[in-house]
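Biologist: I would like to learn how to read a surface feature. Can we work through one example together?

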Amino acid sequence: MCPRVVQQDLAQGLLLIEDFGDCCCWVSLTRHNTDKLLRARHWPELLRIQQLPNNPDDPLAPYSNDLLE
């Protein structure tokens with residue numbers, strides 16, 4: 001489930017989004033289960049997000065190293 005957009009100001013490139021809910025993965029991580037949980041839950045979701053196509057009509061610049069610098 002994606003976070004809900006609460007407010008937006010696309011002219012300034014701003015989004016206010018809700019958090020991801022009450023489940024905080026960090027409180028459930030231990031040195032015994034961290035690798036397993038990250039591989040099973042978090043890395044697949046990050047890879048899915050990275051593979052989304054760029055939208056040429058999107059007013060926000062793509063997130064990149066150039067943008068960060």
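Modeller: Start with the general idea: accessible areas come from the Shrake-Rupley method with a 1.4 Å probe. Now the case here, which is a predicted model. The accessible surface of the protein comes to about 6800 Å². Carbon and sulfur atoms account for 56% of that surface.

Biologist: What percentage of the 69 residues is buried?

Modeller: Buried means under 20% relative accessible area. Here 6% of the 69 residues are buried.

Biologist: What is the fold pattern along the sequence?

Modeller: Read along the sequence, the pattern is β-β-α-α-α. That gives 3 helices and 2 strands.

Biologist: Which residues form the nonpolar patch on the surface?

Modeller: A residue needs over 30% relative accessible area to join a patch. In this protein the nonpolar patch consists of Val5, Leu10, Leu15 and Ile17. Together they have about 330 Å² of accessible area.

Biologist: Take Leu10. Where is Leu10 found?

Modeller: Leu10 lies in the loop between strand 1 (5-9) and strand 2 (14-17). Its relative accessible area is 38%, so Leu10 counts as partly exposed.

Biologist: And Val5? Why is Val5 classed as partly exposed?

Modeller: Because its relative accessible area is 40%. Val5 sits in strand 1.

Biologist: Which residues is Val5 in contact with, leaving aside neighbours within four places in sequence?

Modeller: Val5 is in contact with Leu15, Leu16 and Ile17. The C-alpha atoms of Val5 and Glu18 are separated by 6.5 Å. Along the chain, Val5 and Glu18 are 13 residues apart.

Technical notes. Residues are numbered from 1 along each chain as its sequence is written. This is a predicted model: local features need pLDDT of at least 70, side-chain atom pairs count only at pLDDT 80 or more; totals for chains, interfaces and linings use all residues. Side-chain values use heavy atoms; hydrogens and water are left out. Patches are made of residues with over 30% relative accessible area and no salt bridge: like charges are joined within 9 Å, nonpolar side chains (Val, Leu, Ile, Met, Phe, Trp, Tyr) within 5 Å. A salt bridge is a side-chain nitrogen of Lys or Arg within 4 Å of a carboxyl oxygen of Asp or Glu. Helices (H or I, at least four residues) and strands (E, at least two) are DSSP runs, numbered from the N terminus. Buried means under 20% relative accessible area, exposed over 50%, partly exposed in between (1.4 Å probe, protein chains only). Contact means heavy atoms within 4.5 Å.
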